[in-house]
Amino acid sequence: MTPIKLQNTLTNEKEEFIPRKDGVVTMYNCGPTVYNYAHIGNLRAYVFADVLKRMFAYNDYEIKQVINITDVGHLTSDADEGEDKIETGAKREGLKVKNIIKRYTDAFMGDMKSLNIDIDKIEFPKATEHIPEQIAFIQTLDEKGYTYKTSDGIYFDTSLRKDYGKLGNINTKGLEEGARIEKNKEKKNSADFALWKFSPPTGGPKQQREQEWDSPWGVGFPGWHIECSAMSRKLLGNQIDVHTGGVDHIPVHHNNEIAQTESVTGKQFVNYWMHNEFITIDGQKIAKSVGNTIYLKSIIDKSFSPLSLRYWFLTAHYRTQSNFTWEALEGAQTTLFKLHKHFVEEYGAKDGEVNKEYENKFHDFINDDLDIPKSIALMWDLVKDESVPKEDKRSTLLEFDKVLGLGLDHSDKKLVTLLSGRGDKLEIGKLPKAIKAIVDEREEARENKDFKKADELRDKLQQKGYEIEDKEDGPDITKN
Ligand code: AMP
Ligand code: ZN
């Protein structure tokens with residue numbers, strides 16, 4: 001079998017994967033800032049991490065996986081300026097910070113499950129639940145002389161790390177030049193970043209924070225980068241195998257994680273850094289300011305299955321930029337529908353043999369820096385190959401789906417209908433009274449933006465045999 005090869009951002013080379021410990025992979029995926037729904041670009045990052053994990057599992061590795069939940073300290077600008085996104089989100093929705101965190105953490109978990117991301121064995125540590133660990137980490141950096149104090153916080157002096165910027169070969173000289181427009185004049189170097197920020201001093205701008213903690217340096221909150229260093233060290237150890245994130249994290253966030261962790265441990269932090277490229281819309285970055293943000297719920301509202309989004313993600317290599325269009329999603333859904341239809345209507349329920357020739361090719365593709373597009377093309381070759389018996393197709397496809405996660409293991413007529421987009425709509429007025437009452441109650445919950453309750457009521461409807469889909473002019477109800 002071809003060994004696993006991964007494109008490593010640290011060396012800019014495709015390298016053979018050698019685990020730190022035989023048979024075990026430790027993996028950290030930078031997670032969401034829970035101040036809003038994750039948009040489809042963010043979701044690509046987690047589908048990528050999921051497929052990567054499944055590839056390791058396919059190669060018989062035991063995986064220790066961590067995805068952090070950022071619920072404090074991520075400011076509106078990567079340069080440690082601006083407001084805390086979580087505090088701003090709470091103001092926007094007139095909610096307490098803890099309720100914003102809960103709402104969007106729950107929504108994130110829901111999105112992950114809908115995308116068939118296997119979350120059972122993942123650890124999801126929250127930054128706010130690891131404040132002592134972050135303070136201890138900063139204290140060690142302090143003792144080692146890497147920090148300095150300004151009027152607004154404790155900063156990391158990047159000039160003390162000769163290899164600062166090594167990930168992606170970031171040109172810190174370029175950053176120095178940019179320093180002229182640097183807002184924070186107290187920073188010694190423009191790449192320096194906050195480890196701890198002080199709550200606004202009394203007499204300063206009155207921006208009361210809901211989340212702040214005591215520390216040896218004063219009341220405040222941790223900088224955004226320190227949580228990843230502190231939590232990955234706590235949960236996975238000083239050195240880990242794989243760390244992932246979107247390409248936007250290379251220049252600042254990940255170089256800062258490296259600087260922090262390697263200064264404390266004196267050892268190489270991560271062996272394989274892997275980054276997914278961006279999802280764009282109309283060729284542009286997804287951003288609220290552009291007004292082009294699409295969430296998973298926007299997709300579900302238009303009657304698409306989340307699995308179709310997953311399939312669409314998988315048709316592009318994780319290192320290629322991919323432009324989202326509704327037509328492309330439509331195409332993905334139609335193709336996925338065909339796959340499930342073949343599977344459910346033709347290949348029967350009896351297991352056959354896994355076809356070794358196809359399986360070997362599949363294994364080679366996924367081990368080659370996760371070449372999922374090739375493995376999907378192979379899957380279609382298999383579907384079309386008349387020399388392979390139907391029950392063998394079934395077993396081989398189920399084998400492929402351990403990595404692809406396209407839902408074949410729970411495929412049935414209902415899912416085929418859902419993917420066909422042709423479920424028969426029921427008239428709300430003619431629903432049984434008890435069912436209509438739940439539908440009405442759910443509409444009311446949605447109007448009150450009580451999405452948790454709305455989700456619970458959706459589950460209740462499902463248990464009673466009904467699917468509900470939210471449309472602009474009210475919900476569509478179908479029998480499941
Ligand atoms: P954030 O919640 O902003 O910290 O981002 C969560 C993850 O999504 C990170 O790994 C980002 O690098 C990644 N990400 C952000 N925007 C995009 C995008 N448009 N396409 C792909 N990945 C993205
Ligand atoms: Zn991180």
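**Entry 1: two helices.** I started with helix α10 (residues 326-345) and helix α14 (residues 413-420), whose axes come within 9 Å and cross at roughly 155°. Angles over 145 count as roughly antiparallel, so I put α10 down as roughly antiparallel to α14. A note to myself: this is a predicted model. I also checked the hand, and α10 passes α14 in a left-handed crossing.

Which residues meet there? On the α10 side I listed Q333, L336, F337, H340, K341, V344 and E345. On the α14 side I found K413, L415, V416, L418, L419 and S420. I sorted the residues of this contact into seven nonpolar, three polar and three charged.

**Entry 2: helix α6.** Next I looked up α6 (residues 226-236), which is mostly covered, with eight of its 11 residues buried. I wrote down the buried ones: I226, E227, C228, S229, A230, M231, S232 and L236. Then I stepped just past the end of α6, where G237 takes a positive phi of about 105°.

**Entry 3: strand β3.** How many residues of β3 (residues 24-29) are buried? I got six of six, so to speak a strand that is mostly covered. I remembered that side chains in a regular strand alternate between the two faces of the sheet. In β3 I saw V24, T26 and Y28 point one way, with V25, M27 and N29 pointing the other way, and all are buried.

Last, I looked for a partner. β3 pairs with strand β4 (residues 62-67) in the parallel sense, over six bridges. I picked out Y28 again, and Y28 stands opposite V66 in β4.

How values were computed:
Residues are numbered from 1 along each chain as its sequence is written. Chains are lettered from A and ligands numbered from 1 in the order in which they are written. This is a predicted model: local features need pLDDT of at least 70, side-chain atom pairs count only at pLDDT 80 or more; totals for chains, interfaces and linings use all residues. Side-chain values use heavy atoms; hydrogens and water are left out. Axes are lines fitted to C-alpha atoms, for helices over the stretch in contact, and angles run from 0 to 180 degrees between N-to-C directions. Helices (H or I, at least four residues) and strands (E, at least two) are DSSP runs, numbered from the N terminus. Angles under 35 degrees count as roughly parallel, over 145 as roughly antiparallel, 65 to 115 as roughly perpendicular and the rest as oblique. A crossing is left-handed if the near helix is turned anticlockwise from the far one by less than a right angle, and right-handed if clockwise. Contact means heavy atoms within 4.5 Å. Ala, Val, Leu, Ile, Met, Phe, Trp, Tyr, Cys and Pro count as nonpolar, Asp, Glu, Lys and Arg as charged, and the others, Gly among them, as polar. Buried means under 20% relative accessible area, exposed over 50%, partly exposed in between (1.4 Å probe, protein chains only). Two strands pair if DSSP finds at least two bridges between them.
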